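Please keep the sequence and the structure in view while reading.

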Amino acid sequence: MAATGPFQRPVIPPIVPDGAVPAQIHSSAYRNPGQLPEGAVLVVGAGSSGVQIADELRRSGRRVLLSVGPHDRPAREYRGRDFCWWLGVLGRWDAETPPQGAEHVTIAVSGARGGHTVDFRALAADGIELVGLTASYDDGVLRFAPDLATNIALGDAKYLELLRAADEYVERNGLDLPEEPAAHVLGPDPAGVADPRLELDLAGAGVTSIVWATGFATDYSWLEVDAFDEHGRPDQRRGVSSEPGVYFLGLPWLSRRGSSFIWGVWHDARYVADHITTQRGYLAYGAGDRPGATPTAWKN
């Protein structure tokens, strides 16, 4: 049973060459601001890890730039209920197919200081400079895509859509949950969103560190079985692989959105366990006729 999930090998895009700045690390290796050399920090990736690291670095007194790509930023809590609960009652965890082009969506939500909703406007107000998707590097200059406003707007739209769906659920089911009209009010975009920086001279800006909060890839090099396709991906259906006796759990969209989350993996675990039990039952067929076998063993 390969239950290692999809987050096994840290991924750093081959954009900035080694030596271009004193330190480049993946978010999985980050521990605290004191770990990084003095100077400004660029955090690439605005999912949960990226925004929390950027926020901590800014609070420590660093100059911080945050590269923001496409994302989903659900309310950490709404009307007294955690967002995991809302995704459950609204059927979002059980969605069986992802939206087109959204097989993997970066989720920006914070557990820092008791947990709170990620608000890029608030991060900008605290002094973090927002830039678009990190695109390329050439001769000491890093370039960003002109997509910051679009990425912020799409994240806002998803955030508001979830709140509206939650309100409709409360009304439809007659729940006594406190209203939160203020949660629907978005402040104005920071000045840097409409006209963001598109280039950054790393040395000129004093950037000494880049933290790549750019996710992970799977790595099954340790599993020497014939259960993978030509791209190295598990050849499986709902966790049952093409190699008899080999199974997978924790993969994104194995059967539903929640398949790679602790909240939802149990659905797939039950399915795989039932499959294994059924296969063992087939193998036990006729065991009662074998020398030394008992009827009880055969029935089990």
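**Briefing on the predicted model**

H71 is buried, with a relative accessible area of 2%; buried means under 20% relative accessible area, exposed over 50% and partly exposed in between, with a 1.4 Å probe and protein chains only. This is a predicted model, in which local features need pLDDT of at least 70 and side-chain atom pairs count only at pLDDT 80 or more, while totals for chains, interfaces and linings use all residues. Residues are numbered from 1 along each chain as its sequence is written, and side-chain values use heavy atoms, with hydrogens and water left out.

**The protein as a whole**

- The protein contains 7 helices and 14 strands; helices (H or I, at least four residues) and strands (E, at least two) are DSSP runs numbered from the N terminus.
- The C-alpha trace spans about 80 × 55 × 35 Å along its principal axes.
- Of the 300 residues in the protein, 39% are buried.
- Among contacts with a separation of 6 or more, 69% are between residues 24 or more positions apart; contact means heavy atoms within 4.5 Å.

- H71 is located in the loop between β4 (64-67) and β5 (77-78).
- The side chain of H71 reaches the backbone oxygen of G69 at 2.9 Å.
- Not counting residues up to four places away in sequence, H71 touches V105, T106, F120, N151, I152, G155 and K158.
- L162 belongs to helix α4 (residues 148-173) and is buried, with a relative accessible area of 8%.
- Apart from neighbours within four places in sequence, L162 is in contact with P74, L87, L90 and R92.
- L162 and P74 are 88 residues apart along the chain, yet their C-alpha atoms are separated by 7.2 Å.

**Nonpolar cores**

- The largest nonpolar core has 23 residues, and those with the most contacts inside it are V43, L57, L66, V68, F120 and L130. A nonpolar core is a set of buried Ala, Val, Leu, Ile, Met, Phe, Trp, Tyr and Cys residues joined through side-chain atoms within 4.5 Å.
- At least two residues of this core come from each of β3 (40-44), α1 (48-59), β4, α3 (120-125) and α4.
- The most is given by α1, with 4 residues.
- Another core, of 18 residues, lies apart from this one and includes A75, Y78, Y159 and L177.

**Helix α1**

- The 12 residues of α1 should span 16 Å at 1.5 Å a residue, and the end C-alpha atoms are 17 Å apart, which agrees; the expected span is 1.5 Å times one less than the number of residues.
- The buried residues of α1 are G50, V51, I53, A54, D55 and L57, and their cover includes β3, β4, α3 and β11 (207-212).
- Leaving aside neighbours within four places in sequence, L57 is in contact with Y30, P33, L36, V41, V43, R62 and V64.
- After α1 comes G61, whose phi is positive, near 105 degrees.

**An open sheet**

- An open sheet of 3 strands has the order β8-β9-β10, with antiparallel pairing; two strands pair if DSSP finds at least two bridges between them.
- β8 (134-138) and β10 (199-201) stand at the edges with a single partner strand each, so one side of each is left without a neighbour in the sheet.
- Strand β9 (residues 141-144) runs antiparallel to β10 and is joined to β10 by 3 bridges.
- V141 has D201 in β10 as its bridge partner.

Key. A polar contact is a pair of N or O atoms within 3.5 Å; within protein, one must be able to donate a hydrogen and the other to accept it, and residues adjacent in sequence count only if both atoms are side-chain atoms.
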